[in-house]
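Here are some notes to read alongside the structure. Keep the viewer open and look up each residue as you reach it.

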Amino acid sequence: VEQASGARETLSGTLRVTAPLVFGRRHVAPLVAGFLAACPGLRVELLLADRSLDLLEEELDVAIRIGPLDESGLVARRVGQVTRQMVASPAYLARRGVPGTPRDLAAHELIQATGRGAAPEWRFRQQGRLRAIRVAPRLLVNDVEACLVAARAGYGIASALSYQVADDLAAGHLVRLLAGFEPPPLPVHLVVPSARLLPLRVRHFLDHAAAALGALAVLKPAKGDAAAGLR
């Protein structure tokens, strides 16, 4: 432990890291701050974006990615998973009722956090197959935090990633819906351009980030998820 601590204290240079916007704010920024505290000679540039930045083109050292990895040649370390969940406020459900199947969403007010040009469909697992259900959201928002503000206010049903709604579910501000129909989990990875000749600062950061992210409850399967996935 003393050797590892001493090595961190002698690290120098700049480390460039990218992560999704909301996940970066909530979980990556704190772990970066902890890493900097242990490595006084280091500088970190943290780029938060909801698009996958090209690691080589942008000269990035490490990326945190949520979802399937499309790029070839990258080296990835899996640190957890998240699921896409449907949520609504207790007040909304008391007023409009609880949907029992994805088809019931047609009778509900829907909120979609979306990028420009995103398809108006939500994906569900039914009878062992992944199926897309076309939806007609009345509120489209290009920021998931604003989307969840509307859901908490009782406007309608929203679709979000599990880590984004975990606190609201625990506090009772939102209720999880259609859990038995949720699509398969999305992996969360730490990604580097190549495993060859990684600078010491990158190797130390990967170990630090893997430990910090691996300990997050929001990246572990929730109780009942395995059973729900059999629907």
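1. Let's begin with a term. Two strands are said to pair if DSSP finds at least two bridges between them. With that in hand, look for the open sheet of five strands, which come in the order β9-β6-β10-β5-β11 with mixed pairing. At its edges are β9 (139-141) and β11, each of which pairs on one side only. From one strand to the next, the twist averages 35 degrees. Please keep in mind throughout that this is a predicted model.

2. Now zoom in on one pairing inside that sheet. Strand β6 (residues 110-113) and strand β10 (residues 157-161) pair in the parallel sense, over two bridges. You can find the spot by looking for Leu110, which stands opposite Ile157 in β10. Which helices pack on the sheet? One of them is α4 (residues 144-152), which touches β5 (84-88), β6, β9 and β10. The direction of α4 makes about 165 degrees with that of β6. Another is helix α5 (residues 162-171), touching β5, β10 and β11, and its direction makes about 120 degrees with that of β10.

3. Next, step back to the whole protein chain. Its secondary structure comes to seven helices and twelve strands. The chain has 231 residues, and 44% of them count as buried. Among contacts with a separation of 6 or more, 77% are between residues 24 or more positions apart.

4. Strand β12 (residues 186-192) deserves a careful look. It is mostly covered, with six of its seven residues buried. Strand β12 is joined to β3 by four bridges, and the two run antiparallel; here Ile66 stands opposite Val188 in β12. Strand β4 (residues 75-82) also runs antiparallel to β12, and seven bridges join them. On that side, Ala76 stands opposite Val191 in β12.

5. What does Leu190 touch, leaving aside residues up to four places away in sequence? The list includes Val62, Ala63, Ile64, Val75, Ala76, Arg77 and Val79, along with Leu206, Ala209, Ala210 and Leu213. Leu190 also belongs to the largest nonpolar core, which has 43 residues. Those with the most contacts inside this core are Val62, Ile64, Leu190, Phe205 and Leu213. Apart from it lies another core of 14 residues, among them Tyr92, Ile157, Leu177 and Leu178.

6. How many aromatic pairs are there? The count comes to two. In one of them, the ring centres of Phe23 and Tyr163 are 5.0 Å apart and the planes are at 85 degrees, so this pair is edge-to-face. Phe23 lies in helix α2 (residues 21-38) and Tyr163 in helix α5, so the pair ties together parts that are 140 residues apart in sequence. Both Phe23 and Tyr163 are buried.

7. Phe35 and Phe205 also form an edge-to-face aromatic pair, at 5.2 Å centre to centre with 80 degrees between the planes. Because Phe35 lies in helix α2 and Phe205 in helix α6 (residues 200-214), this pair ties together parts that are 170 residues apart in sequence. Phe35 is buried, with a relative accessible area of 0%. Phe205 is buried too, with a relative accessible area of 0%.

8. Finally, compare two loop residues. Is Ser52 buried or exposed? Ser52 sits in the loop between β2 (42-48) and β3 (62-66), and it counts as exposed because its relative accessibility is 52%, while the cut-off for exposed is over 50%. Its C-alpha is 7.7 Å from that of Arg65, and the two residues are 13 apart in sequence. Gly180 lies in the loop between β11 (175-177) and β12. At 12% relative accessibility, Gly180 counts as buried, since buried means under 20%. Gly180 and Gly100 are 80 residues apart in sequence, with 9.8 Å between their C-alpha atoms.

Note on methods:
Residues numbered from 1 in each chain as written. Predicted model: local features only at pLDDT ≥ 70, side-chain atom pairs only at ≥ 80, totals over all residues. Heavy atoms only, no water. Buried < 20%, exposed > 50% of the residue type's maximum accessible area, 1.4 Å probe, protein only. Contact = heavy atoms within 4.5 Å. Axes fitted to C-alpha atoms, helices over the stretch in contact; angles between N-to-C directions. Phe/Tyr/Trp six-rings, centres within 6.5 Å; stacked < 30°, edge-to-face > 60°. Core = buried A, V, L, I, M, F, W, Y, C linked by side-chain atoms within 4.5 Å.
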